[in-house]
Amino acid sequence: MEPVNPKDRLIRRVAAALRGHKGPVPAAPPASLPVPAGGANRVARFQELFEAQGGDFLSASALEPLLLALGEALRLSGVATLLFPNDDPAARQVAEALVPFGPFTLASPSELRQPSGRPVAGIQSAEYAVAETGSLVQTSRGGKTLLPGLLADVHVALLSPAAFVDRMDECLAALSDDPPRNISFITGPSRTADIEQTLTIGAHGPRKVIAVVFP
Amino acid sequence: MEPRSRSFHRNSEKALANPALQSAISRTTGKFLGQRADAIAEFPGFEAARDEGSRIKGEALDHLDRHLARFIAEAEKRGAVVHVARDDAEAREIAAGIATREGIALAVKSKSMAAEEVDLNTALEGAGVEVVESDLGEFIIQLAGEPPSHIIAPAVHKTREEVSRLFQEKLGEPYTDQIPELVRIARRRLREKFLSAGMGISGANFLCADTGSVVLVTNEGNGRMGTILPRVHLVVAGIEKVIPALSDLPVFLRLLPRSATGQVISTYVSVLTGVKRPEDAEGPEKLHILLVDNGRTGILQGKYREILKCIRCGACLNICPVYQSVGGHAYGWVYPGPMGSVLTPLQTGLSQGAPLANASTLCGACADVCPVKIPLPDMLLELRGDEREQGLKAPAELLGVKAYAAVMRRAGILEALERIAGVLSQLFFKEGKVPWLPFKLSGWTDRRDFPAPSPQPFRKLWKKQRGIRPWNR
Ligand code: SF4
């Protein structure tokens, strides 16, 4: 009997097609994939690849010099407003500590939906940093917002040393049981080379991405 | 998209006569190739990843019924609505229906080759939807009213001056020859659209069966905008995009950006699973996934199954001497280069696409670079065989090939012909070059000289230079 549902019909059609021809004999899976693991060099490897894609990287052994450097970087990019998610205490703490360096005003991420014309920095804790690719991982797990890394002109991602993993596999494994609605790997600022193959920063997303590793 | 592959020869003549296009193509392909080579030199695991990627795709295709069923069930469990289109007309009808039911006036679209295949924009515009292409290259060619010419860099054929004049004319922007300024204009224009669009449309680089996730890989971030901000997200993807598990994704992320642009990873990779959850701050309330067959089950059935492993990286385009010479438009349909030369005849029919399968020297470069090890040259050869079997070859070509085979089987005749050609060339072509050939053969001499036949037959030269006699080894 012909199933009426187009989805079932597709599955039937595919199954029938597969019976028509045996595909090539699959090779055995390789024992392991030689992916350069960071190990002790995790953070250094992350920095190298993140910077190669145009990202900025800041780390220091004490909080004070780190805030100074970050405040300076934001001021130089013309940032006037700092945004942080309400449910992100680390981001709030950093944003509040940064105010005197600007001076900056503080706001909540939902204001990004009304573009104001003045450069805005979105500050948010990132969940993972992947050494293999130099990527930040930001997700919607637990209802987290994605707007700071999406609509802000400058994206500041806060990383704890525990956020670093060697390979993409590790963070996907941690998320795959019940994947959040959005898992984003972010590696440097938005870019395009669509006009004359000339690399240009800031096509749609942030023009600057700063990864900050806190001691 | 209406295929025009039958006129490949005429299309390529036009492309070869366009010097601006020629330099744009060689700049792009050269750059991609160089960056790809560097990225692979720095990644010792590339070969192992190719084997693994090819194996996983093979396994996914050999059990596609199971994986598709799983993908559909998992995606729907998480709130997605999955639709299935057998062909392009059905896909257009379904998409227009979705837009109408959701009450969409404005949609932002990021690149989807499957949407291009079924001509989605026409259908949506017919349903009263304004569709804005949000990938910068696609945005440019949409303004120009042209189809893409490269699957990774759709506007490779446009110079900054042409882009600026286009922005001036269509958007009323002031003229500038600064690329960053052009990008800023597009960013500003498109940001307004992202914030007001009711629907985001995307393709999918991968669909994960075990979680029902849709994976998007982009550099600009347009795919991210269009799948987070609008209320509705429509995914248009071929059924072959399914991979068994989310945990299979890393190997493809190691292959795709390196092969496409030489990046270790593209700037943005989004793994999208289901609709906005009650606790989520943003995300689409509605997720429609439109799975397109459009000839794929037919391909699955036969000896060309492996072409469905293709992850659309574009490496085979960049390395192909034919693509390097004629660019993407000449191929006349959605997919150019070696992968297009296999897919076009299979999806649009051999009588339409056969000229593409013949436009190759079978040099093998595409198979060498393909990250999922598709035997592209074998398939091109196989397609020529099919063309012969279906009686689609021109009688003159068959006669020519038969004559060629007859000569090549008889060493004596070959040598006699070589001697005659040698004498004639001594008489007529003193420079050792043939600058002009008559009629159909003129293609060989229009843009370059053909080397004149040697005065001595091949076997004599061989004997002299190598000191061996192949016939009594
Ligand atoms: S056939 Fe291979 S090389 Fe060509 S686009 Fe597809 S995956 Fe890339």
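Trainee: How do you know that chain A and chain B are in contact, and how many residues take part?

Mentor: Contact means heavy atoms within 4.5 Å, and by that rule 73 residues of chain A are in contact with 93 residues of chain B. This is a predicted model, in which local features need pLDDT of at least 70, side-chain atom pairs count only at pLDDT 80 or more, and totals for chains, interfaces and linings use all residues. Residues are numbered from 1 along each chain as its sequence is written, chains are lettered from A in the order in which they are written, and side-chain values use heavy atoms, with hydrogens and water left out.

Trainee: What is the buried area between chain A and chain B?

Mentor: Buried area is the accessible area (1.4 Å probe) that two parts lose on being put together, summed over both; here chain A and chain B bury about 7100 Å², 59% of it on carbon and sulfur atoms. Of the area that chain A buries against chain B, A:Arg181, A:Gln197 and A:His204 supply 14%, more than any other three residues.

Trainee: Why is the meeting of B:Arg254 and A:Asp169 called a salt bridge?

Mentor: The term requires a side-chain nitrogen of Lys or Arg within 4 Å of a carboxyl oxygen of Asp or Glu; the side chains of B:Arg254 and A:Asp169 meet at 2.7 Å, N to O, and therefore qualify. Across the interface of the two chains, the rule finds six salt bridges.

Trainee: What makes β9(A) and β9(B) a pair of strands?

Mentor: Two strands (E in DSSP runs of at least two residues, numbered from the N terminus) pair if DSSP finds at least two bridges between them. Five bridges join β9(A) to β9 of chain B (residues 268–273), so these antiparallel strands meet the definition. In β9(B), B:Tyr268 is the bridge partner of A:Ile186.

Technical notes:
Helices (H or I, at least four residues) and strands (E, at least two) are DSSP runs, numbered from the N terminus.
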